[in-house]
Amino acid sequence: MPESAQEPPSRPDPGLFGPASVTWQVHSDPMMWVAGIRALYLQALHPRAVRGVMHNSDFRKDAWGRLMRTARFVGTTTYGTTEAAEKAGARVRKIHAMLGATDPDTGERYGVDEPPLLLWVHCAEIDSYLHVVRRSGIRMPDALADRYVDEHRRSARLVGLDPGQVPGSTAELAAYFARVRPELAAGPDARAVDDFLRRPPTHPLLTPARALLWRRVADLAYASLPPYAHRLYGRTAPPAAAVTRRLVRTGTILRTVPARVRWQLPPKHILGAMARLGPGSRPAPYKLDRGDAILDGPGRAQRGDGGDSATWRTPG
(Lines give C-alpha, C1' and ligand atoms only; values in the text may rest on other atoms or scores of the structure.)
Protein backbone atom coordinates (compact mmCIF):
# COMPACT_ATOMS: atom_id res chain seq x y z
CA MET A 1 0.00 0.00 0.00
CA PRO A 2 1.45 3.44 -0.90
CA GLU A 3 2.54 5.43 2.10
CA SER A 4 0.07 8.21 1.27
CA ALA A 5 -2.77 5.71 1.44
CA GLN A 6 -1.82 4.37 4.83
CA GLU A 7 -4.00 5.32 7.77
CA PRO A 8 -2.31 7.75 10.17
CA PRO A 9 -1.24 6.16 13.45
CA SER A 10 -3.94 6.38 16.09
CA ARG A 11 -3.38 8.77 18.95
CA PRO A 12 -3.01 7.35 22.45
CA ASP A 13 -6.26 7.33 24.39
CA PRO A 14 -6.18 10.15 27.00
CA GLY A 15 -8.95 8.52 28.99
CA LEU A 16 -12.00 10.01 30.63
CA PHE A 17 -10.31 13.29 31.62
CA GLY A 18 -6.93 13.68 29.95
CA PRO A 19 -3.86 15.84 30.72
CA ALA A 20 -5.67 19.09 29.88
CA SER A 21 -8.17 18.55 32.70
CA VAL A 22 -8.07 19.97 36.22
CA THR A 23 -8.73 16.47 37.55
CA TRP A 24 -5.51 15.16 35.95
CA GLN A 25 -3.47 17.65 38.00
CA VAL A 26 -5.41 17.52 41.28
CA HIS A 27 -5.53 13.74 41.67
CA SER A 28 -1.75 13.44 41.59
CA ASP A 29 -1.41 15.28 44.90
CA PRO A 30 -0.51 13.18 47.98
CA MET A 31 -3.08 15.02 50.12
CA MET A 32 -5.72 13.02 48.28
CA TRP A 33 -5.21 10.35 50.96
CA VAL A 34 -6.26 12.77 53.70
CA ALA A 35 -9.16 13.86 51.49
CA GLY A 36 -10.26 10.25 51.07
CA ILE A 37 -10.57 9.78 54.84
CA ARG A 38 -12.45 13.08 55.13
CA ALA A 39 -14.86 11.77 52.50
CA LEU A 40 -15.52 8.64 54.60
CA TYR A 41 -16.32 10.77 57.63
CA LEU A 42 -18.67 12.95 55.61
CA GLN A 43 -20.38 10.08 53.79
CA ALA A 44 -21.09 8.31 57.10
CA LEU A 45 -23.36 11.18 58.18
CA HIS A 46 -26.08 10.12 55.72
CA PRO A 47 -27.95 7.36 57.62
CA ARG A 48 -29.33 5.56 54.56
CA ALA A 49 -26.03 5.69 52.69
CA VAL A 50 -23.84 4.50 55.56
CA ARG A 51 -26.34 1.76 56.44
CA GLY A 52 -25.90 0.36 52.94
CA VAL A 53 -22.14 0.24 53.46
CA MET A 54 -22.26 -1.33 56.93
CA HIS A 55 -24.83 -3.96 55.93
CA ASN A 56 -23.05 -5.05 52.76
CA SER A 57 -19.34 -4.97 53.50
CA ASP A 58 -16.77 -5.99 56.04
CA PHE A 59 -15.90 -2.35 56.71
CA ARG A 60 -14.92 -2.96 60.33
CA LYS A 61 -12.47 -5.67 59.30
CA ASP A 62 -11.29 -4.21 56.01
CA ALA A 63 -11.68 -0.44 56.05
CA TRP A 64 -8.18 -0.07 54.63
CA GLY A 65 -9.14 -2.39 51.78
CA ARG A 66 -12.23 -0.28 51.10
CA LEU A 67 -10.11 2.89 51.03
CA MET A 68 -7.68 1.20 48.63
CA ARG A 69 -10.50 0.04 46.34
CA THR A 70 -11.83 3.60 46.21
CA ALA A 71 -8.32 4.90 45.45
CA ARG A 72 -7.96 2.29 42.70
CA PHE A 73 -11.28 3.33 41.16
CA VAL A 74 -10.32 7.02 41.24
CA GLY A 75 -6.90 6.23 39.78
CA THR A 76 -8.35 4.12 36.99
CA THR A 77 -11.04 6.62 36.04
CA THR A 78 -8.56 9.51 36.16
CA TYR A 79 -5.47 8.06 34.48
CA GLY A 80 -6.62 4.87 32.78
CA THR A 81 -7.89 4.48 29.26
CA THR A 82 -11.50 5.22 28.41
CA GLU A 83 -12.14 1.48 28.15
CA ALA A 84 -10.63 0.85 31.59
CA ALA A 85 -12.71 3.64 33.12
CA GLU A 86 -15.92 2.35 31.54
CA LYS A 87 -15.20 -1.19 32.75
CA ALA A 88 -14.52 0.07 36.28
CA GLY A 89 -17.83 1.92 36.24
CA ALA A 90 -19.69 -1.13 34.94
CA ARG A 91 -18.27 -3.25 37.77
CA VAL A 92 -19.40 -0.73 40.37
CA ARG A 93 -22.90 -0.50 38.88
CA LYS A 94 -23.20 -4.30 38.76
CA ILE A 95 -22.18 -4.67 42.41
CA HIS A 96 -24.46 -1.87 43.59
CA ALA A 97 -27.44 -3.34 41.72
CA MET A 98 -27.24 -6.50 43.84
CA LEU A 99 -27.02 -4.78 47.23
CA GLY A 100 -29.66 -3.37 49.55
CA ALA A 101 -30.34 -2.39 53.13
CA THR A 102 -33.31 -2.20 55.49
CA ASP A 103 -34.48 0.90 57.29
CA PRO A 104 -34.69 -0.16 60.97
CA ASP A 105 -37.49 2.32 61.73
CA THR A 106 -39.84 1.54 58.84
CA GLY A 107 -38.72 -1.90 57.68
CA GLU A 108 -38.37 -0.49 54.16
CA ARG A 109 -35.95 -2.38 51.93
CA TYR A 110 -34.03 -0.15 49.53
CA GLY A 111 -31.18 -0.47 47.05
CA VAL A 112 -27.79 1.10 47.62
CA ASP A 113 -27.93 2.33 44.02
CA GLU A 114 -30.77 4.77 44.69
CA PRO A 115 -29.79 8.00 42.88
CA PRO A 116 -30.00 10.18 46.03
CA LEU A 117 -27.56 7.86 47.82
CA LEU A 118 -25.17 7.69 44.88
CA LEU A 119 -25.33 11.47 44.62
CA TRP A 120 -24.47 11.92 48.30
CA VAL A 121 -21.44 9.64 48.03
CA HIS A 122 -20.30 11.43 44.88
CA CYS A 123 -20.67 14.93 46.27
CA ALA A 124 -18.98 14.05 49.56
CA GLU A 125 -15.99 12.72 47.66
CA ILE A 126 -15.65 15.62 45.23
CA ASP A 127 -16.12 18.18 48.00
CA SER A 128 -13.44 16.46 50.11
CA TYR A 129 -10.90 16.14 47.31
CA LEU A 130 -11.28 19.76 46.28
CA HIS A 131 -11.42 21.15 49.82
CA VAL A 132 -8.36 19.36 51.21
CA VAL A 133 -6.13 19.93 48.20
CA ARG A 134 -6.88 23.67 48.04
CA ARG A 135 -6.80 24.23 51.77
CA SER A 136 -3.45 22.45 52.07
CA GLY A 137 -1.70 24.99 49.87
CA ILE A 138 -2.36 24.11 46.21
CA ARG A 139 -3.35 27.37 44.55
CA MET A 140 -6.31 26.85 42.29
CA PRO A 141 -8.16 29.78 40.73
CA ASP A 142 -11.87 29.77 41.37
CA ALA A 143 -12.68 29.12 37.72
CA LEU A 144 -10.61 25.94 37.80
CA ALA A 145 -12.32 24.78 40.99
CA ASP A 146 -15.59 25.05 39.07
CA ARG A 147 -14.02 23.18 36.17
CA TYR A 148 -13.04 20.37 38.54
CA VAL A 149 -16.58 19.97 39.89
CA ASP A 150 -18.01 20.07 36.37
CA GLU A 151 -15.55 17.47 35.08
CA HIS A 152 -16.78 14.99 37.66
CA ARG A 153 -20.16 14.76 36.08
CA ARG A 154 -18.25 12.24 33.94
CA SER A 155 -17.30 10.08 36.91
CA ALA A 156 -20.86 10.44 38.26
CA ARG A 157 -22.17 8.89 35.04
CA LEU A 158 -19.90 5.88 35.58
CA VAL A 159 -21.58 4.97 38.86
CA GLY A 160 -25.08 5.32 37.41
CA LEU A 161 -26.04 8.96 37.90
CA ASP A 162 -27.59 11.28 35.33
CA PRO A 163 -24.86 13.93 34.76
CA GLY A 164 -27.55 16.56 34.29
CA GLN A 165 -28.69 16.02 37.88
CA VAL A 166 -25.19 16.36 39.38
CA PRO A 167 -23.75 19.69 40.63
CA GLY A 168 -21.51 21.26 38.02
CA SER A 169 -19.94 24.14 39.95
CA THR A 170 -18.84 24.93 43.48
CA ALA A 171 -21.93 27.08 43.96
CA GLU A 172 -24.20 24.21 42.90
CA LEU A 173 -22.28 21.84 45.16
CA ALA A 174 -22.70 24.19 48.13
CA ALA A 175 -26.42 24.49 47.37
CA TYR A 176 -26.71 20.70 47.29
CA PHE A 177 -25.15 20.37 50.75
CA ALA A 178 -27.48 23.05 52.10
CA ARG A 179 -30.50 21.06 50.83
CA VAL A 180 -29.39 17.69 52.16
CA ARG A 181 -28.10 18.85 55.54
CA PRO A 182 -31.43 18.27 57.40
CA GLU A 183 -31.21 14.57 56.46
CA LEU A 184 -27.81 14.09 58.11
CA ALA A 185 -27.22 12.53 61.51
CA ALA A 186 -24.52 10.69 63.41
CA GLY A 187 -26.35 7.47 64.20
CA PRO A 188 -24.86 4.16 65.37
CA ASP A 189 -23.38 3.35 61.97
CA ALA A 190 -21.69 6.74 61.67
CA ARG A 191 -20.25 6.38 65.16
CA ALA A 192 -18.95 2.93 64.24
CA VAL A 193 -17.13 4.49 61.29
CA ASP A 194 -15.78 7.22 63.55
CA ASP A 195 -14.56 4.69 66.13
CA PHE A 196 -12.90 2.60 63.48
CA LEU A 197 -11.14 5.50 61.79
CA ARG A 198 -9.78 6.66 65.13
CA ARG A 199 -8.67 3.20 66.29
CA PRO A 200 -8.47 0.71 63.42
CA PRO A 201 -7.61 -2.85 64.49
CA THR A 202 -3.95 -3.63 63.89
CA HIS A 203 -1.24 -6.07 64.83
CA PRO A 204 0.16 -5.35 68.30
CA LEU A 205 3.59 -4.63 66.84
CA LEU A 206 2.05 -1.94 64.65
CA THR A 207 0.13 -0.21 67.43
CA PRO A 208 2.83 2.47 67.95
CA ALA A 209 2.76 3.28 64.23
CA ARG A 210 -1.02 3.53 64.36
CA ALA A 211 -0.78 6.09 67.16
CA LEU A 212 2.05 8.00 65.48
CA LEU A 213 0.89 8.10 61.88
CA TRP A 214 -2.66 6.91 61.23
CA ARG A 215 -4.23 8.70 64.19
CA ARG A 216 -2.69 11.99 63.10
CA VAL A 217 -3.95 11.60 59.54
CA ALA A 218 -7.44 10.61 60.67
CA ASP A 219 -7.57 13.47 63.18
CA LEU A 220 -6.55 15.93 60.47
CA ALA A 221 -9.16 14.58 58.07
CA TYR A 222 -11.83 14.89 60.78
CA ALA A 223 -10.70 18.41 61.71
CA SER A 224 -11.06 19.53 58.08
CA LEU A 225 -14.79 18.68 58.03
CA PRO A 226 -17.31 21.55 58.04
CA PRO A 227 -18.42 22.71 61.52
CA TYR A 228 -21.88 21.12 61.26
CA ALA A 229 -20.22 17.71 60.85
CA HIS A 230 -18.28 18.24 64.09
CA ARG A 231 -21.52 19.12 65.84
CA LEU A 232 -23.24 16.00 64.55
CA TYR A 233 -20.39 13.74 65.61
CA GLY A 234 -20.24 15.50 68.98
CA ARG A 235 -16.48 15.93 68.85
CA THR A 236 -14.80 19.29 68.74
CA ALA A 237 -12.05 20.33 66.37
CA PRO A 238 -9.28 22.94 66.60
CA PRO A 239 -9.98 26.45 65.30
CA ALA A 240 -10.19 26.69 61.53
CA ALA A 241 -6.95 28.68 61.24
CA ALA A 242 -5.05 26.01 63.18
CA VAL A 243 -6.49 23.27 60.97
CA THR A 244 -5.44 25.16 57.86
CA ARG A 245 -1.90 25.50 59.18
CA ARG A 246 -1.77 21.75 59.85
CA LEU A 247 -3.08 20.96 56.39
CA VAL A 248 -0.52 23.25 54.77
CA ARG A 249 2.29 21.81 56.87
CA THR A 250 1.26 18.23 56.10
CA GLY A 251 0.90 18.97 52.41
CA THR A 252 4.31 20.65 52.32
CA ILE A 253 5.97 17.63 53.95
CA LEU A 254 4.26 15.06 51.72
CA ARG A 255 5.08 17.03 48.58
CA THR A 256 8.81 16.89 49.39
CA VAL A 257 8.70 13.16 48.60
CA PRO A 258 9.69 12.94 44.91
CA ALA A 259 6.67 12.27 42.74
CA ARG A 260 8.41 9.42 40.95
CA VAL A 261 8.86 7.72 44.33
CA ARG A 262 5.23 8.24 45.38
CA TRP A 263 3.95 7.06 42.02
CA GLN A 264 5.76 3.72 42.36
CA LEU A 265 3.07 2.56 44.78
CA PRO A 266 0.80 -0.05 43.15
CA PRO A 267 -1.04 0.05 40.84
CA LYS A 268 1.09 2.86 39.33
CA HIS A 269 -1.77 4.59 37.47
CA ILE A 270 0.13 7.82 36.81
CA LEU A 271 3.28 6.10 35.53
CA GLY A 272 1.12 4.01 33.21
CA ALA A 273 -0.60 7.12 31.87
CA MET A 274 2.73 8.86 31.26
CA ALA A 275 4.08 5.80 29.45
CA ARG A 276 0.96 5.80 27.26
CA LEU A 277 0.79 9.53 26.54
CA GLY A 278 4.40 10.69 26.87
CA PRO A 279 6.32 12.84 29.39
CA GLY A 280 4.30 15.94 28.51
CA SER A 281 1.32 14.38 30.28
CA ARG A 282 3.10 14.47 33.66
CA PRO A 283 0.58 15.84 36.20
CA ALA A 284 1.68 18.62 38.52
CA PRO A 285 -0.79 20.45 40.79
CA TYR A 286 1.37 23.60 40.79
CA LYS A 287 0.30 24.12 37.17
CA LEU A 288 -3.17 25.01 38.43
CA ASP A 289 -1.98 28.37 39.76
CA ARG A 290 -0.77 29.40 36.32
CA GLY A 291 -3.19 27.39 34.21
CA ASP A 292 -0.28 26.08 32.10
CA ALA A 293 -1.89 22.80 31.17
CA ILE A 294 -5.53 23.75 31.50
CA LEU A 295 -7.76 24.66 28.61
CA ASP A 296 -10.07 27.63 28.77
CA GLY A 297 -13.45 27.43 30.45
CA PRO A 298 -15.94 29.69 32.24
CA GLY A 299 -15.71 30.05 35.99
CA ARG A 300 -18.71 30.22 38.26
CA ALA A 301 -17.06 29.84 41.64
CA GLN A 302 -18.58 30.95 44.90
CA ARG A 303 -16.21 32.43 47.44
CA GLY A 304 -16.65 31.37 51.01
CA ASP A 305 -14.99 29.88 54.04
CA GLY A 306 -14.35 26.36 52.78
CA GLY A 307 -17.31 24.56 54.36
CA ASP A 308 -19.77 22.67 52.18
CA SER A 309 -17.54 23.04 49.13
CA ALA A 310 -17.48 26.84 49.12
CA THR A 311 -14.09 27.84 47.74
CA TRP A 312 -11.20 27.89 50.21
CA ARG A 313 -8.92 30.85 49.68
CA THR A 314 -5.45 29.40 50.18
CA PRO A 315 -3.07 31.35 52.46
CA GLY A 316 -1.02 34.11 50.95
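At 0% relative accessibility, Thr78 counts as buried, a class defined by a relative accessible area under 20%, with exposed meaning over 50% and partly exposed in between (1.4 Å probe, protein chains only). Thr78 is found in helix α4 (residues 59-79); helices (H or I, at least four residues) and strands (E, at least two) are DSSP runs, numbered from the N terminus. The structure is a predicted model, in which local features need pLDDT of at least 70 and side-chain atom pairs count only at pLDDT 80 or more, whereas totals for chains, interfaces and linings use all residues. Residues are numbered from 1 along each chain as its sequence is written, and side-chain values use heavy atoms, with hydrogens and water left out.

The side chains of Thr78 and His27 are joined by a polar contact of 2.8 Å. Such a contact is a pair of N or O atoms within 3.5 Å; within protein, one atom must be able to donate a hydrogen and the other to accept it, and residues adjacent in sequence count only if both atoms are side-chain atoms. Not counting residues up to four places away in sequence, Thr78 touches Phe17, Thr23, Trp24 and His27, where contact means heavy atoms within 4.5 Å.

Trp24 is also among the residues touched by Ser281, together with Pro19, Ala273 and Met274, again not counting residues up to four places away in sequence. Ser281 lies in the loop between α15 (269-277) and α16 (287-290) and, at 3% relative accessibility, counts as buried. A polar atom of the Ser281 side chain lies 2.6 Å from the backbone oxygen of Gly278. In the loop between α14 (259-262) and α15, Lys268 is partly exposed, at 39% relative accessibility. Phi of Lys268 is near 60°, a positive value in a residue other than glycine; most residues other than glycine have a negative phi.

Overall, the protein contains 16 helices and 2 strands, and 48% of its 316 residues count as buried. Of the contacts with a separation of 6 or more, 75% are accounted for by residues 24 or more positions apart.

A nonpolar core is a set of buried Ala, Val, Leu, Ile, Met, Phe, Trp, Tyr and Cys residues joined through side-chain atoms within 4.5 Å. In the largest one, of 67 residues, the members touching the most others are Tyr41, Leu42, Trp120, Met140, Phe177, Leu197 and Tyr233. Helix α6 (residues 115-135) provides the largest share of this core, 11 residues. Apart from this core lies another, of 8 residues, among them Trp24, Leu271, Ala273 and Met274.

Helix α7 (residues 142-151) has 8 of its 10 residues buried and is therefore largely enclosed by the rest of the structure.

Helix α3 (residues 47-56) packs against helix α10 (residues 188-198) at an angle of about 65°, with the axes 9 Å apart. Axes are lines fitted to C-alpha atoms, for helices over the stretch in contact, and angles run from 0 to 180 degrees between N-to-C directions. Val50, Arg51 and Met54 of α3 make the contact with Asp189, Ala190, Ala192 and Val193 of α10.
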